[in-house]
Amino acid sequence: MAVQVEIWTDINCPFCYLGKRRFEEALDAFPHKDAVTVVHRSFELDPTLPKDHSDAVVPHIAEKYGISEAQAAANERGLGAQAEAAGLTYVTSGRDFGNSFDMHRLLHFALEQGRQEQMLDALYAANFAEERALFGDTERLVEVAVSAGFDAAAVRAVLADPDAYADAVRADEAEAARLGARGVPFFVLDRKYGVSGAQPAEVFTQALEQAWSDHAPQLAMVADGDACGPDGCAVPQRD
């Protein structure tokens, strides 16, 4: 008996970074943790960006939401505080954003090797915990993957072939649309329960417990009569 959790994310998404940690907090405390399988799925926040795109996050946020750069910077500091509370490092200035398609292809490459978690953690750390730019630089991606224990030549081969794992990424994105995901992170448990956003750990705990309870056998009692138990046997009643 196992529970499958699928998590749609994008490397650009700070709430995905935060949501992953909060979900892990719930999963670590879940008594049936070893029976839970986690798979990370692809979702691009902006698939229209050019492959080599890299730009500063704060001005982008200000322009996208029609706020000042000071307000955008304050928002980043707020996210940094949430990340710190969750035990994560979050660089609040100087980060970049860009096209994440190649990163998602690498995540499918890593999934095939049974090491998707390591690749995702390395990409998140490179984006949110380091000041160096991450997007639009193939060699930077190779460096990040190698830091997670992947073979440099194999990673370069994937990145050099635009078709490698591309269909898998597109299939994930199509499935997200079918399931009604309009943003990320988006968690799906056993294709029955959905959790949207970087919810508190308690919410993920409730979702895991609900999914697990559905797997537990439920008996429909046809009749219930006198029986013996740990406290003894029912005493027959006399008229």
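Predicted model: local features only at pLDDT ≥ 70, side-chain atom pairs only at ≥ 80, totals over all residues.
Residues are numbered from 1 along each chain as its sequence is written, and side-chain values use heavy atoms, with hydrogens and water left out.

**View 1. The protein chain as a whole.** The secondary structure comes to 9 helices and 8 strands, where helices (H or I, at least four residues) and strands (E, at least two) are DSSP runs numbered from the N terminus. Among contacts (heavy atoms within 4.5 Å) with a separation of 6 or more, 71% are between residues 24 or more positions apart. The chain exposes about 12,900 Å², of which carbon and sulfur atoms supply 51%; the accessible areas come from the Shrake-Rupley method with a 1.4 Å probe, and for residues only the protein chains shown count as cover.

View 2. Four strands, in the order β2-β1-β5-β6, form an open sheet with mixed pairing, two strands being taken as paired if DSSP finds at least two bridges between them. At the edges are β2 (36-42) and β6 (193-196), each of which pairs on one side only. Neighbouring strands of this sheet are turned by 20 degrees against each other on average, direction ignored. Helix α1 (residues 14-29) packs on the sheet, where it touches β1 (3-9), β2 and β5, and its direction makes about 175 degrees with that of β2. Helix α9 (residues 201-215) lies across β1, β2, β5 and β6 and runs at about 170 degrees to β6. For such angles, axes are lines fitted to C-alpha atoms, for helices over the stretch in contact, and the angles run from 0 to 180 degrees between N-to-C directions.

**View 3. The hairpin of β5 and β6.** Strand β5 (residues 186-189) runs antiparallel to β6 and is joined to β6 by 4 bridges, with V188 standing opposite G194 in β6. The hairpin has 3 residues between the two strands, and D190 in the turn has a positive phi of about 55 degrees.

**View 4. The nonpolar cores.** A nonpolar core is a set of buried Ala, Val, Leu, Ile, Met, Phe, Trp, Tyr and Cys residues joined through side-chain atoms within 4.5 Å. The largest core has 41 residues, of which I11, L106, M119, L123, L134, F150 and V155 touch the most other members. At least two residues of this core come from each of α1, α3 (69-85), α4 (101-112), α5 (116-129), α6 (138-147), α7 (152-160) and β5, and α5 gives the most, with 7 residues. Not counting residues up to four places away in sequence, M119 touches L106, L107, F109, A110, A145 and F150.

**View 5. The crossing of α2 and α3.** The axes of helix α2 (residues 57-65) and α3 come within 8 Å and cross at roughly 115 degrees. The crossing of α2 past α3 is right-handed, a term for the near helix being turned clockwise from the far one by less than a right angle, with left-handed used if the turn is anticlockwise. Here V57, V58, P59, I61 and A62 in α2 meet E69, A72, A73 and E76 in α3. E69 is partly exposed, with a relative accessible area of 47%, and touches V58, P59 and A62, not counting residues up to four places away in sequence. The C-alpha atoms of E69 and V58, which are 11 residues apart along the chain, are separated by 6.3 Å.

View 6. F97 lies in strand β4 (residues 96-97) and is buried, with a relative accessible area of 10%. Leaving out residues up to four places away in sequence, F97 touches N12, L49, H53, S54, D55, A56, V57, H60 and F135. Although F97 and C13 are 84 residues apart along the chain, their C-alpha atoms are separated by 9.4 Å.

**View 7. A35 in the loop between α1 and β2.** A35 counts as buried, at 17% relative accessibility. The C-alpha atoms of A35 and A2, 33 residues apart along the chain, are separated by 4.7 Å.

Note on methods: Buried < 20%, exposed > 50% of the residue type's maximum accessible area, 1.4 Å probe, protein only.
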